[in-house]
Amino acid sequence: MSSPIFHLIADAPKPVAPYSHVVEVDGWLFVTGQLATDPNDDNLPIPDGIEAQTHKVIDNLKRALAGAGAGLEHVVQVRVFLTDFNRDYATMNRIYQSYFPPDRLPARTTVGVTALARGGIIEIDMIAHRS
């Protein structure tokens, strides 16, 4: 196993805690959970609603992946965290599904949580593999 590479991606949102955006080991990319923060202005509020936040979170994940030389096509596993599972699951799922072809759906876990940083209602992290 090679030594891990710790990526801080300039085009991704500023970390809200002490972490790397992506940690890479032997072609595996472990992408830190992203909120719906604005990558260009960390002072802007998180957008309202599950639709806007889901799109923004996935955009932020795409930015992190791209900074490590990968894309959504490399994603093999996803974890979704929702603060209001019953209210937001169906809408999140519909939006999420639009980012992946039906024959290339990553393994996924979706859980309800009591709170997320910065008042977010969704956070998503990913594992990708770039060969």
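Trainee: Why does E51 count as partly exposed?
Mentor: E51 has 43% relative accessibility. Buried means under 20% relative accessible area, exposed means over 50%, and partly exposed is what lies in between (1.4 Å probe, protein chains only), so 43% makes E51 partly exposed. Before we go on, this is a predicted model: local features need pLDDT of at least 70, side-chain atom pairs count only at pLDDT 80 or more, and totals for chains, interfaces and linings use all residues. Residues are numbered from 1 along each chain as its sequence is written, and side-chain values use heavy atoms, with hydrogens and water left out.

Trainee: What makes R94 and E51 a salt bridge?
Mentor: Their side chains come to 3.3 Å, N to O. The rule asks for a side-chain nitrogen of Lys or Arg within 4 Å of a carboxyl oxygen of Asp or Glu, so 3.3 Å qualifies R94 and E51. R94 lies in helix α2 and E51 in helix α1, so this pair ties together parts that are 43 residues apart in sequence. Helices (H or I, at least four residues) and strands (E, at least two) are DSSP runs, numbered from the N terminus. R94 is partly exposed too, at 47% relative accessibility.

Trainee: How many salt bridges does the structure hold?
Mentor: There are 8 salt bridges. One of them joins R63 and D11, at 2.8 Å from N to O.

Trainee: Why does that pair tie together parts of the chain?
Mentor: R63 sits in helix α1 (residues 50–67) and D11 in the loop between β1 (5–7) and β2 (22–25), so the two parts are 52 residues apart in sequence. D11 has a relative accessible area of 44%, which makes it partly exposed.

Trainee: How do you know that D125 forms a salt bridge with R79?
Mentor: The closest N and O atoms of D125 and R79 are 2.7 Å apart, and that passes the cut-off. This pair links distant parts of the chain, with D125 in strand β6 (residues 122–129) and R79 in strand β4 (residues 75–82), 46 residues apart. Shared partners also matter elsewhere: D11, D59 and R63 are joined into one network by their salt bridges.

Trainee: Are D125 and R79 buried or partly exposed?
Mentor: D125 has a relative accessible area of 9%, so it is buried. R79 comes out at 40%, so it is partly exposed.

Trainee: How are β4 and β6 joined?
Mentor: They run antiparallel and are joined by 7 bridges. Two strands pair if DSSP finds at least two bridges between them, so 7 bridges are enough for β4 and β6. For instance, L82 has I122 in β6 as its bridge partner. β4 also pairs with β5, in the parallel sense, over 6 bridges. There, Q77 is partnered by A107 in β5.

Trainee: How many aromatic pairs does a search of the whole structure find?
Mentor: The search finds 2 aromatic pairs.

Trainee: What makes F85 and Y89 a stacked pair?
Mentor: Their ring centres are 5.0 Å apart and their planes are at 20°. Rings of Phe, Tyr and Trp (its six-membered ring) pair if their centres lie within 6.5 Å, and planes under 30 degrees apart count as stacked, over 60 as edge-to-face and the rest as tilted. So F85 and Y89 pass on distance, and 20° makes them stacked. Being 4 residues apart in helix α2 (residues 85–97), F85 and Y89 are separated by about one helical turn.

Trainee: Why is the pair of Y96 and F100 called tilted?
Mentor: Their centres are also 5.0 Å apart, but the planes are at 40°, so the pair falls in the tilted class. Y96 is buried, with a relative accessible area of 5%, and F100 is buried at 7%.

Trainee: What lies over the face of Y96?
Mentor: R108 does, at 4.5 Å from the ring centre. A charge sits over a ring if NZ of Lys or CZ of Arg is within 6 Å of the ring centre and within 35 degrees of the ring normal.
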